[in-house]
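Here is a short briefing to read with the model open beside you. Take a look around first, and then we can go through the chains and their contacts together.

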Amino acid sequence: MAKALKYLVVVAGALVMLFPFAWAVITSLTPDGAVLASPPDFTPEGAGLGAYERLLEAMPFWRILANSLWIGLASTALQLITSAMAAYAFARLPFPGRGALFAVYLATLMVPLQVLIVPLFIEMRTFQLTDTYFAVLAPTVASAFGVFLLRQAIQQVPREFDEAAVLDGAGHLRIFAFVVLPLIRPALATFAIFAFMASWNSYLWPLVILRSPEFFTLPLGLAELHGRFTTEWNVVMAGSVVSVVPILILYLFAQKHVIASVAQSGLK
Amino acid sequence: MKKTIALLALAVLATACSQGSATRDTTPAEGGKVTLRYFTFSAAPDHEKDLDKIVQAFEKENPKVDVVVETAPYDQYFTKLQTSIAGGTAPDTFELNYENFVTYASAGSLLDLGTVAGDTAPTGFAEESLNSFKHAGKQFALPASFSTVVLFYNKELFEKAGVALPTADWTWADEQAAAEKLTDKKAKVYGDFQPVQFFEFYKALKQAGGTFLSDDGKKSTFNSPEGVKAATWLVSKVGKTMPTEAEIGGTADYDTNLFKSGKLAMWHNGIWQFAGLKDVPFEWDVVVEPGDATKASAVFHNSVAASAGTKHGKEAYAWAKFLASSNVAATTRIESSWELPPVSDQAVLDGYLKDPKPANRQAVFDSLKSIALPPVIKRQQEMQDAVTQELGNAAAGRATVQEALTAAAAKVDALLG
Amino acid sequence: MSLATEQAPPQVRRHAAPPRRTAGQRWRYAGTVAIFLLPSLIPLTLFTLVPMAGSLWVSLHEWDLLQPMRWVGLANYVELLGEEETRAAFLHTLYFIAGYLPLVYAGGLGLAMLLNRAMKGRNLFRAVYFLPVITSWVVVALMWKWLLNPASGIVNWALGLLGIDGPGWWTDPTWAMPSIILASAWKDLGFVMIILLAGLQAIPGEYHEAARVDGASAWQRFRSITLPLLSPSTFFVVVISLINGFQVFDQVHVMTGGGPGGATQVAVEQVYKMTFEYGRAGAASALSWLLFAVVLLVTLVQVRGQRRWVNYG
């Protein structure tokens, strides 16, 4: 009985969660003019992939997708490495001023990005780096959020695990790579999703720093679809659907990985 | 696993840096060719090809200049433009609308075109249009395009309700009487749609015979009997002949869809809607907006300016002039219904009338006989937001019209002071 | 419950000071610390700390981004503290947090607990609950506006069936913030869920087993094992949610733009408008640093307080 109730709650909740996505998909399949009808039409007449075709025409779609993908993957890989290493230092390597430095990391999360844009732009300009991939990627490499998340995860790893390795004469790099990292795989997988999302959805910074269309990322391309006076919501929704898919794939991959790693490490 | 990631990271870093070194700049390319950047909001996404046409024609005439077009959606255009000006990477030439022109001109961000014009003074422009982009007696930008607001109407709804079609002689009273007859809430048909916001208000104010700012521009003057009349005119439609804010529910392009679905009889909107209405399954037409004490039509005016810091002033001027007044540019704009060129040559403009839809295209030119330009101050956006917000309070019944105007006037005066 | 402490390593070892070292060893140790820290610290300094310093500098100037900056000292701060808009922006922000945080934490924890147990289709459900997190705010905002449409939305329709006359939601100043809170909590539930799930999975199963053998009830196990061992994840969620909550922007920007009648004008929305629309970049920076001071204070209180309730392995 309790189990049935639990199922009911979970399924009902899932439907509520699924709704916007289903709605976006349906809107993207709806022909022009019938979009955003009120009340909404869940079986639109003349449904088709027209909006997706228009999406492909309206911008150099594959180029933009490739840009977003490689920047997102590169950013994720770099964030994982830099954050995990710094997190290890904050969790396991006592040094003078460690608490203060960690506070600085946290503090960087507390200033709204909106006011950093202009100073950062001027800095990039000084180094002659405006309108480059590097300028889009560089500010994402260090993630205070990631350091914080992974530090919490490493602190949860029982110390006797690495202390056993110390007794075996292993150095910190080896403990980090072969003891700690495997044990925090769930957290790494979680962070990978957020790291990718942060880069993938990033809008304001790429908007101001890039000006050559060949460097544009997906959010910039999608924003271009909103004309000044008219908006074709089915195309916008098609773009949104396309933009969600890679993260969804990454999530499913990461989720599988989390489960596998938990089973492997024998923690459960 | 980690090795793969590390290798991947390295490869990626290498790519990123190699791209970085390939920074494109505006320094002269091979053969002394000048690269001229042009930043615009009005071309994307529907008129990029039309702009391309103009660019190619210009480059043919000026083989030493290579125009590079950069676009951004209007919502983010100024964010991007300001950041690049602050960072010293302003585009050589860029688009500016009339409301923002004064801010940029008075900040010294624009090149005085008179200093680079030489003996090729701008010609062929409608005089009034050209003067709109003078600041302190200097020509800081050239008008490139404009559009006006007219009254759209659905002929079939009028005929069904047995109401006489709008004419150029209509006043507010005629519009209101018709709107009341046309509104059929059961059938979800509305008689009228005119957004309650700054741009409609300053125009209605002029129609009522009032003024927004004092002549010296130092004080607001819209908190007047005319102001009350204008605001009341806008606000009184809400919920009666026009859907309320709650009914609209913030749905994007609600009014466009309402008109397109044949459930809106009269619609105050800009001529940029013409292209989008080509295929609607009912008869529609336009007429000059009804007035009150007088007629006044809103005009949206875009210009092209050159950055104060550009190294290519002469080329920038040549491009601005070409984009604004050349025959190619003017006919391209007209043929694609991409706003109107600010030229004085009636023969060019006549091309606009050839398009059969809407039948009364002449109304667009008629509306120009008495125009209302928006009041412009240095803290423009804040003023627009304040007025829109207070009018919104009145429309939603959270304040009386008089209270709203008093509050708006106080805010605007503070911004002026 | 004594179990958790019994299995935890002895206190002595946990807080052991690093052993005394020779000078050479100390240098080597410093090198190790540097190797771990610098890959993150260098980009952080270059691309976050330097711009932060830049914005602090900007906050002491009057600047419209177009003309050269003009030094005004602390005038921006003084001006802001006297402005009604500043007070309103902070109050709206606090209102948002007060509604959002309890909702998203309670919901996320409940979900994580439900989906941590073995059940059919568990992975599918997890993915579904995570969908809103990865969907862009543009889509989510559009959809919520439509759901909460005062005239034709499903929510008011359902309320109507119950005989309740639904409010104007985000077109009504009273209900606009609750609408944003609702949409935000809904969107971020999956985020909290996934963090807490990772925390739950790190709790060794034997603990629960042993407690069950001891005859502990589900509630007792939740209180004495799950909650304490989950506390590092909870700490993380609360700290991050507060930091993000103070900087709430995206949803406000796309849903209401600060309206109606300024009812949802939160701090960062104000910062954005001041920087890019109102030509007050200097004052916007100052406002950000005022916000920073508040968030820092709140976070420091939490970090100080964590010893009392956060339990690290």
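How many of the five residues of strand E7 (residues 266-270) of chain B are buried? Four of the five residues of E7(B) are buried, and the strand is mostly covered. A residue counts as buried if 20 or more other C-beta atoms lie within 10 Å of its own, as exposed if 12 or fewer do, and as partly exposed in between, with C-beta atoms placed from the backbone. Helices (H or I, at least four residues) and strands (E, at least two) are DSSP runs, numbered from the N terminus.

This is a predicted model, in which local features need pLDDT of at least 70 and side-chain atom pairs count only at pLDDT 80 or more, while totals for chains, interfaces and linings use all residues. Residues are numbered from 1 along each chain as its sequence is written, and chains are lettered from A and ligands numbered from 1 in the order in which they are written.

**Strands of chain B**

- E7(B) is joined to strand E6 (residues 141-154) of chain B by five bridges, and these two strands run antiparallel. Strands are said to pair if DSSP finds at least two bridges between them.
- Within that pairing, Tyr153(B) has Met266(B) of E7(B) as its bridge partner.
- Strand E1 (residues 34-40) of chain B has five of its seven residues buried, so the rest of the structure largely encloses it.
- E1(B) pairs in the parallel sense with strand E2 (residues 65-71) of chain B, over seven bridges.
- In E3(B), Thr93(B) is the bridge partner of Tyr38(B).

**Chain A**

- Chain A holds 13 helices and zero strands.
- Of the 268 residues in chain A, 52% are buried.
- Among the contacts in chain A with a separation of 6 or more, 77% are between residues 24 or more positions apart. Two residues are in contact if their C-beta atoms, placed from the backbone, lie within 7 Å.
- An unreviewed UniProt entry annotates residues 69-90, 102-122, 134-154, 175-197 and 235-254 of chain A as "transmembrane region". UniProt positions are given in the numbering used here, feature names are shortened, and annotations may be inferred rather than shown by experiment.
- Two of these spans can be compared with the model: residues 175-197 of chain A are 96% helix and 0% strand, with end C-alpha atoms 29 Å apart. Residues 235-254 of chain A are 100% helix and 0% strand, and their end C-alpha atoms also lie 29 Å apart.

**Chain C**

- Chain C has 14 helices and two strands, and its C-alpha atoms fill a box of roughly 70 × 65 × 30 Å along the principal axes.
- Buried residues account for 46% of the 313 residues of chain C, and 71% of its contacts with a separation of 6 or more link residues 24 or more positions apart.
- For chain C, the "transmembrane region" annotation from an unreviewed UniProt entry covers residues 29-50, 94-115, 127-147, 180-203, 224-246 and 281-301.
- Residues 29-50 of chain C are 100% helix and 0% strand, with 28 Å between the end C-alpha atoms. For residues 180-203 of chain C, the figures are 92% helix, 0% strand and 34 Å.

**Helix H9 of chain C**

- Helix H9 (residues 173-201) of chain C has 29 residues and reaches 43 Å from first C-alpha to last, close to the 42 Å expected at 1.5 Å a residue. The expected span is 1.5 Å times one less than the number of residues.
- H9(C) bends by about 40° at Asp188(C), the bend being the angle between axes fitted to the seven residues ending there and the seven starting there.
- H9(C) is mostly covered, with 25 of its 29 residues buried.

- Ala, Val, Leu, Ile, Met, Phe, Trp, Tyr, Cys and Pro count as nonpolar, Asp, Glu, Lys and Arg as charged, and the others, Gly among them, as polar.
- Between chains C and B, 22 residues of chain C are in contact with 24 residues of chain B. Helix H7 (137-147) and helix H13 (267-277) of chain C are the elements that give two or more residues to the chain C side.
- The side of chain C that touches chain B has nine nonpolar, 10 polar and three charged residues.
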